[in-house]
Amino acid sequence: MSHTRLADNAAKPQPGSLRGATLPKWFPWAVAAGSVALGLGISAAAGLHSSIQWALMAAVLFVLGSYAISAKVEGGRQAKDRVATSMVWVAFLLAVIPLASLVWETVKQGVKALDGFFLTHSMGVVSDSEPGGGIYHALLGTLEQVGIATAISVPLGVLTAIYLVEYGRGKLAKAVTFFVDVMTGIPSIVAGLFILSLWIVILDMGYSGLAGALALCILMIPIVVRSTEEMLKLVPNELREASLALGVPKWRTILKVVVPTSIGGITTGVMLAVARITGETAPVLLLVWGTNFINSNPFSDPQASLPMYIYLQYGAGFDASHDRAWAAALTLIAFIMILNLAARGIARWKAPKTGR
C-alpha cells in the first residue's frame, strides 16, 4: 500500500516543483478539428464558396487557438513553442496540398489516354484533332537529349567541384565560383539563345537534339558543381590527412577516399540536376524544334521531346490533344519520380557504413 501511494504522489506535480500543467497529446488534433469546423461554419455563414478561403481561416484559427488555450493552461513559454510548431505544420500543409492537388489532377486526367499503345507509338500521320497517337518519339528524344547533357555535364561539374574544394586557391578559384553562381540563376531561355547564336547562327550546325542538349548543359553544370562541392566539403579532413600521412598521393586520396565517401550525395545532386533539366521547354523550342515522326539520331534534324509535346498538344485545343497532353505530363512526372527514387536508393547504398 505504501509503494502505491508513493507512485501516485510522484505522478502528480508537487507544490513548488518545476513541472506545470500539461495539455494532453491529442490537444493539437482537437484544436485542428475545431478550427476546420469553425472555418467551414464561418464560410457557410458568409456565403464563401472557395475552399481556399475557409482553409486559410482554419489555419489562422488553429494557430490562435493553440496559443490561447496553451497560454491559459501551460503558460506563455509553452504557448510560444506551440505557436511555432503550429506554424510549421500550417506551412507544411500549404506546401503539400497544392502539390498533392497537382499530382491528383494529373493522374486523373492522364490515365484517360495512358496505355501501352500510347507509350510505343508516335503521332505519325495522326492529326491533333484525332484520337490515337502516342509519345514514343517524344520520349525517345527526351531520353537522348537528357542523356547527352548528363554525359557532358557530370564530368565537367564533378571535376570543377573537386578543383574548387581540393585545389582551388587564388583569383582563378574565385572567378570560377563567381561564374558558377551567375550560371545558377541564368534563365533557360537565355541558355537557349546563347546556343542558338553560337551553334546554329555562327557555326551553322542546324537544329538537332544535340543543340538542345548543349543548352541543357548550361543549366545542369552549375547545379552539379554546387551540389558536389557541398558534398566534398562534408568529408572530414581527418580522412584526407590520414591518407596523406600514409604517403598516398593527393590525387589518389581524392579518387579513393574523398569521392567514395561523398558519392551518395554527389549522385543525389546529379539526379536532381537531371530532374531539373528534363522538364525544360524553352531551349527545346528554340533549338530542337519538333516532329511528329521518330528521329533516333540526336545529331541531325529536328527531334521531339516530352515538354514540347505537352506544350504543343495542349495548345492545339482539341479534346483528344488535351488527353494526350495530360498523359504525357503524367509520364514526365513518373520519369522524374523514378529518377529521384533511384537517387535515394543509390545514396543509401553508397553511404558510408557505420558500425560499432
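Student: Are Phe178 and Phe179 buried or exposed?

Tutor: This is a predicted model, in which local features need pLDDT of at least 70, side-chain atom pairs count only at pLDDT 80 or more, and totals for chains, interfaces and linings use all residues. Residues are numbered from 1 along each chain as its sequence is written, and side-chain values use heavy atoms, without hydrogens and water. Buried means under 20% relative accessible area, exposed over 50%, and partly exposed in between (1.4 Å probe, protein chains only). Phe178 and Phe179 are both exposed.

Student: How many aromatic pairs does a search of the whole structure find?

Tutor: Rings of Phe, Tyr and Trp (its six-membered ring) pair if their centres lie within 6.5 Å. Planes under 30 degrees apart count as stacked, over 60 as edge-to-face and the rest as tilted. Across the whole structure, the number of aromatic pairs is three.

Student: What kind of pair do Trp89 and Phe92 form?

Tutor: Their ring centres are 5.9 Å apart. The planes stand at 90°, so the pair is edge-to-face.

Student: Why are Trp89 and Phe92 separated by about one helical turn?

Tutor: Helices are DSSP runs (H or I, at least four residues), numbered from the N terminus. Both residues lie in helix H4 (residues 76-110). The reason for the one-turn separation is their spacing there: three residues apart.

Student: Which residue has its charged end over the ring of Tyr167?

Tutor: A charge sits over a ring if NZ of Lys or CZ of Arg is within 6 Å of the ring centre and within 35 degrees of the ring normal. Here the charged end is 4.8 Å from the ring centre of Tyr167, and it belongs to Lys250.

Student: Which residues of H11 meet H6?

Tutor: Contact means heavy atoms within 4.5 Å. From H6 (residues 136-167), the residues involved include Thr142, Val146 and Tyr167. In H11 (residues 250-278), they are Lys250, Trp251, Ile254, Val258, Val259, Ile266, Val270, Val274, Ile277 and Thr278.

Student: How are H6 and H11 oriented to each other?

Tutor: Axes are lines fitted to C-alpha atoms, for helices over the stretch in contact, and angles run from 0 to 180 degrees between N-to-C directions. The two axes come within 9 Å and cross at roughly 140°. Angles under 35 degrees count as roughly parallel, over 145 as roughly antiparallel, 65 to 115 as roughly perpendicular and the rest as oblique. H6 and H11 are therefore oblique.

Conventions:
Helices (H or I, at least four residues) and strands (E, at least two) are DSSP runs, numbered from the N terminus.
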